[in-house]
Every structure is written in C-alpha cells, then in structure tokens.
Amino acid sequence: MAVTGRPWRGGIAVLAATALAVLAASPQAVAADEPPTIVVSDGVTQPVFGYSDAIRERLFIDSTFDSDNDGLRDIIAFDVMRPKATADGLKVPVVMDASPYYTTLCRGNDSECKVDLDGDGLLDKWPLWYDNYFVPRGYAVILLDMVGTGNSTGCPTTNANQDNLSAKQAINWLNGRATARNAAGEVVKADWHNGKSGMIGKSYDGSLAMATAVTGVQGLTTIVPIGGPSEYYDYVRSNGVVTRGNSYVSYLANVVTNPERRDYCKPVRDALGAADGDEHGDYTAFWNERSYVKKVPKQSASVLLYHGINDDNVRADHMSKYWYALAENDIPRKLWISQEGHVDPFDSRRAVWVDTLHRWFDFWLQGVANGIMDEPRLDIERAADVWETHADWPIPGKVDTEVFLQPGTTGAGGLGLVPTAKPATGRFQDSRTQSQNTMINNPEVVQPHRLAFLSEPLTAPLHISGTPTMQIRASADQTDTNFGVILVDYGTDERVAHRASGEGIITLDTQDCWGESSATDDACYRQTVKRVATADTELVTKGIMDAQNRQSIRVAVPLVPGKSYNFSWPLLPEDYVFKPGHRIGVIVVASYPQYSSQADTTAANIAVNLKSSKIVLPVVGGTAAAHAAGL
C-alpha cells in the first residue's frame, strides 16, 4: 500500500515494528578481526554475498521542498537492499533507480511493481533485476519513489524541480548530509556506504538520473540513462510546434500519481496545465527547470547512455543534445544506439548489456581496473542484432554536406551537390489532414500538398551520422504556417520493425535468469527476439518547425504574406547507411499531423526557392563520399 501520511509524525501509526530485516547469516566466511570484502575474479565482482539474507529497509527523508503547498516539506521514501555483510563492516556502493512508476505503471518488460506481501512495510518483491544481480556482488540497491508517488508524499510536477531533486535527497543521506528515519521514526545512518553511487533508469527514471547528475551533487559518481528525456520541451514540442498537447504535462503527472491521491493533487496538475503554453508552443521559463542539457557544466558524474534511434516516444534528439553537451564538457561517457524504439537494452541485447553494465559499475563504483574506458566509446546496432563499435559518435570523419534541391521536369525533383543553375520555384499547399503515408508514397507522382526530391540510385553506400538540417528559402500567403521534412530511404531491405507492436522486439514465453532469487523474488525474465520486416521504404528521420519561430523558439514573429524568408530547422539525429541501388528521398511538407498534435489551420500556399534550398546531411566521408555514392 502507498503511504499518504507522514510515518513518524503526530501519532500516525507506523508501517511496521521495524524497518530492518536481517534473515540468515552471510555465506562469506571471514576472519573475526577482518571486515568482509568484495571478491574480484576475471575482472569483475563475484556473487559471494547472499540475496535471501540481504538487509532490507524502507526509509524516509524530509525533502527541501513542498510540492503540494500544504506547508510541510515533502517526505521522500525509498527502499534499500544491501548485503548482510554490511552489518559486519563491508562498505558498498549504491545502484539507485529513482522512479515515479513503482506503484502505478510498474517497471520493465515484465511490468513488475513493488510488492509487500506480508504487510510489514518491507518489500518482498523488488521490480527489475538489479537487486538480484548486484546485491550478491557487493552492492546496495535503492528503489526510490519520486515525490508524490509510491510511499513519498507531495504531488508529481512532471520534471519540475520537486521531481528532479527527489533522488538528490537520498544521495545527500548516503553521504551524511541529510537525515533518514525508518517507519518507527528512528534515525538511520548509511555507515555501510563506500561514498559512491550510481543511478540508472529507463524513460522517466532516466530523466531523473540526468536531473540528479546536473545538480552536481557530491557522491553521485555515474549515471546510466536509458531512453530518458533530457529536454522536456522537446518531449512535448519541436521548434515551436506542439507535438503533445491538451496539457500533456499535467496528464502525465496524473498517470504517475497513486489513484487515491489524484483528487488531492488536482490543484498542482491544474497549475501545470495553465503554465505549459499549449496555446502557442513557444519556449518559456516553464521549461527551464525541465532542461538538463544546459546544466551539464555542473555535472561530474560519468555517463553510460542508451537510446533507441527509432524511439518515437522519447525521440533521439534527447540523446543527441545531451551527448553533445557531455562532449563539450569532457564528461567521461559511452553510448549505445539501437535500432529499436522505446526498448530497454535488457530486452534488446541482454547478455552483452548485463556484462557491460556490470563492468561499468565495477569500474566507477568499486574501483575495479577492468579497462572498460579504454574500449570504443560507441556501440551501434546497424541491423537486427548486428552491432558495430566506433571511436565516438557522431562517427569520426562525419562532415556536414550540402545536398541541394533540384527542380524536376515531371514528377519529383532531384538532389545534387551543387545548386540548380537557374532560378526555380516549387509550390504546394498546406494540408492539415495529409497522412504520413501519403507524404512518403509514390514520390515520383506530383501531389498538391508536398514537394518530393529523389536522388538517382546510389552507386556506393552513403553513411550519415549525426543531426541533419533542413534549410529552405520560402514564402507563404498567410501570416503563419508549419514546415516539415522527411528523409526517406527508397529501397527494399529487411529492417527492425520498430513501428510494429513491441517497437522492434517480440516477447517470448521462455525465461532466463540474471542473479539470485528468494522465495518471493525471482531473477528470471521473459526473453525476447527482434521483430524484423521487409519493406520498400524506410522513414529515416524527420523534423518540423513553426514558421513564426524562425528566429527563436522563445518568440513567435508572424510572416508577411508573400515575403520570402530563410528557414532552418534540425531533423531528428540519425545514424544510417543508404545502400547501393537505393534512392534518397527528401519530402517537404507544411503541417505534419502524425508528428504534431496541433496542425496549422491556415492552409497556406507555399513557394520554395529551390536554388537557395538544401538539406545538410552529416555524411561520413563528406563530399567525397557523397560524390562516390552518385549524388
């Protein structure tokens, strides 16, 4: 059950007679006068500590904020599991997953929730596999309930400061800078902690890891964000266009709130909905505290970053913008990019991921010299279960290469490395109902609501790595319109079916096990395989903008009808190889209803100056490679 009160205040009943469970003795034999230590063999920590006899606690910390405005500081709850040997002097680091989901949507592909079977206030069932695997290897695991969720008090604020600072409270406690109590109100100290902590999590959990890291809090040594939003503006907006509207910020806050507290937290959600700017889509101060990229200079924690390049929930620009900022600030880092959508690496490349994560935490938290930071910085999935390593991302040798839009005599226009010799104009009318399939299909047929440009069949592979940019000079006969662009691979191939059910994976009925189990918590999870499909086209990447935000996402300036302007906007980042014989397509549209939730209503007639319009592709090998491919 979720806690809605404050366990140690004002006569409120305690959750349990004790918040500490010590079961059987540790299997590790040590001399009486020597504290137990981890065991390292083959370059990694070994499972020499018990799981069934691990110490389990539920603790509570007074936060520094009051999210529900009730005049009392919120209380952050978290569950701790640590080896029994920590009671005998073993010092261990922490692996923490801070989440808003433990009692609502739950976690992982197996949808595991926190479960207290016997009502003693301690978890019997721990979501995910981190406890089963890492506790026997000499780690403590903390599952923290974000403010307003699970056993924490207050109300969720969808990545505002109250959400973002929730996990920092536990990091401060671990390092002696905050006070935690058990359900009986007794002060509990982390005298078993070795001073180092790591955070991990997928999606919202990943954003909380980044949010904690960019506070610069001392004691957070490393983070592992998996498909997490790094710029919340980009989660619900794109260059002035609303991609998720209808007060999505307050909607998400409601989703993660315990059902019995949703009415209570409605005033907080209403305030979020009133401030989110759905009516215009511009960047306002509301988004500043929900931005982690600009705060990276405060960060010292290393990063193992994972993202599906085809994630259409938390899109890949969250990965790229954060990664670029890490590089600019020389933060130690590694990156995995998969072909799936919003999928955890445990369900994409399980054995290699577990091994990599194990060695990453051993290096950063246990001080094991295993050479992981000497390995290539990038692991990238090129096709289903076909992985490559590279020195960095974007892949070294990438050069931003101008590819110009060319007029066509009939049907589609062309693409070339030099602009058209003579002035030429492409015209189309905005359609707020045009489907994505209509935009992409039949590129050689003239259609009234798009412009299509096709390369000749490629004579060699063309590899792009990074963030493409669309640059056009255009006019409209209205004071406002949107612009969209789609980069397409026209060529038959087998690819990961990331738009199908499962976002690129199929979940099987069989299981495998990762770690140790107890009577109430097993370490076994359903296995997966990649879902693939053969198709004649692939939407490689896309981008949109509001024409009124051509100068800034903060300020909208109406167009003067008939006047030409320069418009430039990024596409989502990509790492993709166009194969020989395939054709590259660039589709230019106005409204893009399958990308945005609020298509423009002006039905503007748009004229594009082709001589001054181009797409800038991050080509590995630059112009020479583009020439070799036949552009």
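Student: Where is the place of P394?
Tutor: This is a predicted model. In it, P394 sits in the loop between β17 (386-390) and β18 (398-406).

Student: And what kind of peptide bond joins W393 and P394?
Tutor: That bond is cis, with omega at about -5°. As background, most peptide bonds are trans.

Student: Now N246: what is its phi near?
Tutor: Phi of N246 is near 55°, a positive value in a residue other than glycine. In general, most residues other than glycine have a negative phi.

Student: Where is N246 found?
Tutor: N246 belongs to the loop between β13 (241-242) and α6.

Student: Let us turn to α6, then. At what angle do the axes of α6 and α7 cross?
Tutor: The axes of α6 (residues 248-256) and α7 (residues 266-275) cross at roughly 155° and come within 7 Å. Angles over 145 degrees count as roughly antiparallel, and α6 and α7 are therefore roughly antiparallel to each other.

Student: Is that crossing left-handed or right-handed?
Tutor: The crossing of α6 and α7 is right-handed. On the α6 side, V249, S250, A253 and N254 make the contact, and on the α7 side R269, L272 and G273 do. By class, the contact has 3 nonpolar, 3 polar and 1 charged residues.

Student: Changing topic: how much space lies in the largest pocket?
Tutor: The largest pocket holds about 690 Å³ of space. Its lining has 38 residues, and R107, G108, K202, S203 and H342 lie nearest the centre.

Student: Which element gives the largest share of that lining?
Tutor: That is α6, with 4 residues. Elements that each supply at least two residues of the lining include β10 (193-202), α4 (204-213) and β25 (505-513).

Student: How does the lining divide by class?
Tutor: The lining of the largest pocket has 19 nonpolar, 10 polar and 9 charged residues.

Methods
Residues are numbered from 1 along each chain as its sequence is written. This is a predicted model: local features need pLDDT of at least 70, side-chain atom pairs count only at pLDDT 80 or more; totals for chains, interfaces and linings use all residues. Side-chain values use heavy atoms; hydrogens and water are left out. Axes are lines fitted to C-alpha atoms, for helices over the stretch in contact, and angles run from 0 to 180 degrees between N-to-C directions. Angles under 35 degrees count as roughly parallel, over 145 as roughly antiparallel, 65 to 115 as roughly perpendicular and the rest as oblique. A crossing is left-handed if the near helix is turned anticlockwise from the far one by less than a right angle, and right-handed if clockwise. Contact means heavy atoms within 4.5 Å. Ala, Val, Leu, Ile, Met, Phe, Trp, Tyr, Cys and Pro count as nonpolar, Asp, Glu, Lys and Arg as charged, and the others, Gly among them, as polar. On a 1 Å grid over the protein atoms alone, a cavity is a set of points where a 1.4 Å probe fits but cannot get out, and a pocket is an open set with protein on both sides within 12 Å along at least five of seven lines; lining residues have an atom within 4 Å of a point. Grid points are joined across faces, edges and corners, and a volume is the space filled by probe spheres set on the points.
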